[in-house]
Amino acid sequence: PIIVIVASATGQTGYLAFPPHGFTLKWFSAALADTRYFDAFGTSVVIAIAATVLSVCIGLPAAFALARFRFPGRRIIEAALLMPLVLPALVLSIALTILFSQIGFTAGSLRLIVAHVVICVPYVVRVALPVLQRLDPTLEEASQNLGASPLATFFLVSLPVIRPGAIAAATLAFIVSFDEIDLAIFLADPGSPTLPVVIYSSIQLGIDPTVGAVSAMLVLLAAGAMAIYQLLLWRRGAA
């Protein structure tokens, strides 16, 4: 399917077709010239970055507490963190819309960030928790025995060890936030829609080839990021 959408965006027809008829890049030019997609992409990136930072700041300490301490209600908290993952996104969107309306929280982009944090924190916790559970506690004990405070131990000892897991958790949170559409439809600022909402709106009356071009550019952007990441890993391994 990914190859189909990328190839279809290069066809000369006024609709998406596979195999493509002819070859042209005019749909990519049209997509780049359309300010709707640029503005929506910027909105999605800003919201995803904010949601990712907040989710990591909340999720990592939560995962650390669940991995290191035994306290009453621990299992309940761990199960509650799974609720946003098992609830249908539409149900959660309606519930958050009603909740935000009742408390007077009507700031579009800000409330969408909060909603994304609700669904991203469980992903951060689930990714970071196994990594923290495999972390040798004696490393932290040795650090504190040498005079480091618990906070310094976390940042100087624990965090460098779990850095790959933290990066993976942050990446997953960014992807979940960037691609999320149900919450965005209900809670996004009408004047600043996210990219998934703009794409969804564009295909309501037919699939415009510019939508395929936008989708193809997102695929190529993700593939380029993955290639750069693998290159960095290869260079680090070679060094």
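No disulfide is assigned, the count coming to zero when a disulfide is taken as a pair of cysteine sulfur atoms within 2.5 Å. The structure is a predicted model, in which local features need pLDDT of at least 70 and side-chain atom pairs count only at pLDDT 80 or more, whereas totals for chains, interfaces and linings use all residues. Residues are numbered from 1 along each chain as its sequence is written, and side-chain values use heavy atoms, with hydrogens and water left out.

As to accessibility, buried means under 20% relative accessible area, exposed means over 50%, and partly exposed lies in between, with a 1.4 Å probe and protein chains only. Cys57, at 53% relative accessibility, counts as exposed, while Cys120, at 0%, counts as buried.

The protein chain holds 13 helices and zero strands, where helices (H or I, at least four residues) and strands (E, at least two) are DSSP runs numbered from the N terminus. From the N terminus on, the elements accordingly read α-α-α-α-α-α-α-α-α-α-α-α-α. Taken along the principal axes, the C-alpha atoms fill a box of roughly 70 × 55 × 25 Å, and 37% of the 239 residues count as buried. With contact meaning heavy atoms within 4.5 Å, 71% of the contacts between residues at least 6 apart in sequence join residues at least 24 apart.

A crossing is left-handed if the near helix is turned anticlockwise from the far one by less than a right angle, and right-handed if clockwise.

Helix H3 (residues 35-68) and helix H7 (residues 108-134) have axes that come within 6 Å and cross at roughly 40°, an angle that makes H3 oblique to H7. The crossing of H3 past H7 is right-handed, and the contact of H3 with H7 comprises 22 nonpolar, four polar and one charged residues.

H7 also packs with helix H10 (residues 163-179), at an angle of about 155° and with the axes 9 Å apart, so that H7 and H10 are roughly antiparallel to each other. H7 passes H10 in a right-handed crossing. On the H7 side, His116, Ile119, Cys120, Tyr123, Val124, Val127 and Val131 meet Gly165, Ala168, Ala169, Leu172, Ala173, Val176 and Ser177 of H10, a contact with eleven nonpolar, three polar and no charged residues. The buried Cys120 is thus among the H7 residues that meet H10.

In helix H8 (residues 137-145) and helix H9 (residues 150-161), the axes come within 10 Å and cross at roughly 125°; H8 and H9 are therefore oblique to each other, and their crossing is right-handed. Leu139, Glu140, Ser143 and Gln144 of H8 make the contact with Pro150, Thr153, Val157 and Ser158 of H9, and by class the contact has three nonpolar, four polar and one charged residues.

Two single positions complete the description. Leu110, found in helix H7, counts as partly exposed at 47% relative accessibility, and the C-alpha atoms of Leu110 and Ala188 are 8.7 Å apart in space although the two residues are 78 residues apart in sequence. Gly212, placed in helix H13 (residues 209-238), counts as buried at 0% relative accessibility. When residues up to four places away in sequence are not counted, Gly212 touches Ile5, Ala9 and Leu16. Gly212 and Ile199, 13 residues apart in sequence, are 9.3 Å apart in space from C-alpha to C-alpha.

How values were computed:
Axes fitted to C-alpha atoms, helices over the stretch in contact; angles between N-to-C directions. Parallel < 35°, antiparallel > 145°, perpendicular 65-115°, else oblique. Nonpolar A, V, L, I, M, F, W, Y, C, P; charged D, E, K, R; others polar.
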